[in-house]
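Reader: I would like to work through this one with you, step by step. Could we start with a single side chain and go outward from there?

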Amino acid sequence: MISRSALSRGSQQALRRAGAAKTVQRAFAAAASEKASYEPTTIAGLKVASRDDHGPVTRLAVVAKAGTRYEPLPGLTVGLEEFAFKNTQKRSALRITRESELLGGQLSSYHTREGLVLQANFLREDLPYFAELLGEVVSETKYTTHEFHEEVEGVIRQKQAKIGNDGVALDAAHAVAFHTGLGNPLYPTPETPVGSYLNEHNVAAFAEAAYTKANIAVVADGASQGGLEKWLEPFFKKVPAQSEGKLSTDAAKYHGGESRIARNGLNSVVIAFPGTALGASSPETAVLIGLLGGESTVKWSPGFSVLSKITAANPGAQAKAANYAYSDCGLFTVQVTGTGSAVSKATQETVKALQSIAEGKVAKEDVVKAIAKAKFNLLSASETSGTGLVHAGASLIGGVKPLQVAEVLKSLESVTADKLTAAAKTLLQGKASVASVGDLHALPFAEDLGLKV
Amino acid sequence: MASQVAKQATRQPWYQAGLQKMASIYVNLAGYRKMGLKTDDLISEEDEQVLTALKRLPPQVQYDRVYRIRRATQLSLQHKLLPKNEWIKDEEDEPYLSPILAQVKAEAKERAALDTLAPIKRH
């Protein structure tokens, strides 16, 4: 009853599938070594970092030395970020949006403390269009008055309204740690008086200073080297090599101290210490973050890291350890956010936990777990989320060697309990930067926590 | 018709000079300069695009425009003209609004064109 062709079709499909699986497997095996790290090159005087996994999607980004650290006046980075993909000499903002919609691309602009990122995600074959677009945005944006009033200001106000107390606390910790430069807030709060500085003329002047070949890097994920060489040269021709405009580039110096800000909403405490800079080899910090952890990696369980145990004991509080790496310094932070007195208790217990690590009370299997977590953090950041792209760009503009994943992975394995103890000890012996935001009646002072400020 | 006249005018200087003369006679007869108004003050405000263009003017220009219009209204009520030395001169009557209005109209036209386009597939 069953026709012969139907039978053979099934077997054909099965064969084809097996074959496909084989080729896919081979592709993955080949890509694993290629995809690992961004390779820095120079194309027509432009710093470029690229890696190619031969996938169908390309991410192309311009990372400029225009983060809040380098802004000469407050608020300009935010202004420049919102002016990305607005009217240029050649076409209107609307045309840019509609054209990239038709090609199925995504355009975004965002900033960190050091870099301003203009990013385009698109199908591999559309590289010429988006290379031209990014080159045009960088060198030919008009910075018109009416766009500033009609579009930029409104968006900035909306984003300001979203800033939570955790963001304010992190900014305050940076401010006491670094004062100027890196101490500038990541996003000016509605209370920050930027009105007299933030206008289209200052933004245009800042763009002229920041968008030069010396100050930008192009990062490509999933574009062929040949394509980049062919298209970046003509489309970034108009970007000047140097500019007379100045960025504020003071070397970062760690100060430390305490800052307390009364605000409505959640309570947030940041305890910060000098951390690891971009490109610096310090596997202990990464493993210490893995050990402290905080964010649960499994569903329905708070997790078993040091901070997870503390937050499980203090419901309502959330804690997280992180290292903010910059080109010449870093900030190691533990942030506790939540409601009421739970934050206060969790903070005290966090400091005690750090002290007990410094005293050498670290179990061997915890170190193994922490190393595994640190490895996962490193790989997931460089592979799946977009942070690898930003890091590669920040390394290039900061003059630091881009992250070499294989090397760092090896160094993580060499971390022992003794090294962790030593690292924690140096952290606690140095000056801390503590920021408390929220209900100050409930939040402890740094000295009461047992920290030096 | 108008574009043909303009083309002719740019080609022949004598033609342009004649037109210029006729235009100045027309403006003089229309009389708005004697009331202290510029040509762009006569553009009707009751239009979304004009309102957008007005918002884009620098504050000083906006203020001056309102001042001229109020002065003209007052003169109209009083059935008076400005003293001759305060009449708007040829060189003062620059188009301050129409370039912005043209830009706003171009934006609206582009938006309409882009919002109704039909993509053609490559294959």
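Reader: Does Lys238(A) count as buried or exposed?
Author: The test is relative accessible area (1.4 Å probe, protein chains only): under 20% is buried, over 50% is exposed, and anything in between is partly exposed. The relative accessibility of Lys238(A) is 54%, so this residue counts as exposed.

Reader: Before we go on, what pLDDT must side-chain atom pairs have to count?
Author: Residues are numbered from 1 along each chain as its sequence is written, chains are lettered from A and ligands numbered from 1 in the order in which they are written, and side-chain values use heavy atoms, leaving out hydrogens and water. This is a predicted model, in which totals for chains, interfaces and linings use all residues, local features need pLDDT of at least 70, and side-chain atom pairs count only at pLDDT 80 or more.

Reader: Thanks! How many residues apart in sequence are the parts that Lys238(A) and Glu140(A) tie together?
Author: These two form a salt bridge, with the closest N and O atoms 3.3 Å apart. Lys238(A) is in the loop between α8 (225-235) and β7 (257-262) of chain A, while Glu140(A) is in helix α4, so the pair ties parts separated in sequence by 98 residues.

Reader: What is the cut-off distance for a salt bridge, and does Glu140(A) count as buried or exposed?
Author: A side-chain nitrogen of Lys or Arg has to lie within 4 Å of a carboxyl oxygen of Asp or Glu. Glu140(A), at 9% relative accessibility, counts as buried.

Reader: Where does Glu136(A) lie, in the pair with Arg91(A)?
Author: Side chains of opposite charge can pair when their charged atoms come close. Arg91(A) and Glu136(A) meet in a salt bridge of 2.8 Å, N to O. The pair ties together parts 45 residues apart in sequence, because Arg91(A) lies in the loop between α2 (76-82) and α3 of chain A and Glu136(A) in helix α4 (residues 127-140).

Reader: What is the relative accessible area of Glu136(A)?
Author: Both partners are covered: Arg91(A) counts as buried at 11% relative accessibility. Glu136(A) is also buried, with a relative accessible area of 2%.

Reader: Which residue of chain B is linked in a network of salt bridges with Arg91(A)?
Author: The structure holds 29 salt bridges over all chains. One network links Arg91(A), Arg95(A), Glu99(A), Glu136(A) and, from chain B, Glu110(B).

Reader: Across the interface of chain A and chain B, how many salt bridges are found?
Author: The contact (heavy atoms within 4.5 Å) involves 10 residues of chain A and 11 residues of chain B. Arg98(A) and Asp115(B) meet in a salt bridge, at 2.8 Å from N to O. Across the whole interface, the number of salt bridges is 3.

Reader: Which three residues supply 49% of the area that chain A buries against chain B?
Author: Buried area is the accessible area (1.4 Å probe) lost when two parts are put together, summed over both. The two chains bury about 890 Å² between them, with 51% of it on carbon and sulfur atoms. On the chain A side, 49% comes from three residues, more than any other three supply: Leu94(A), Arg98(A) and His146(A).

Reader: Which strand pairs with β8(A) over 5 bridges?
Author: Helices (H or I, at least four residues) and strands (E, at least two) are DSSP runs numbered from the N terminus, and two strands pair if DSSP finds at least two bridges between them. Strand β8 (residues 267-274) of chain A has 7 of its 8 residues buried, and 8 bridges join β8(A) to the antiparallel strand β10 (residues 330-338). The pairing over 5 bridges, again antiparallel, is with strand β11 (residues 433-438) of chain A.

Reader: Which residue in β11(A) stands opposite Val270(A)?
Author: Towards β10(A), Ala272(A) stands opposite Thr333(A). In β11(A), the residue opposite Val270(A) is Ala435(A).

Reader: And what separates the C-alpha atoms of Ala173(A) and Ala272(A)?
Author: Ala173(A) lies in helix α6 (residues 165-178) of chain A and counts as buried at 0% relative accessibility. Leaving aside residues up to four places away in sequence, Ala173(A) touches Val270(A), Ser433(A) and Ala435(A). Ala173(A) and Ala272(A) are 99 residues apart along the chain, yet the separation of their C-alpha atoms is 6.8 Å.
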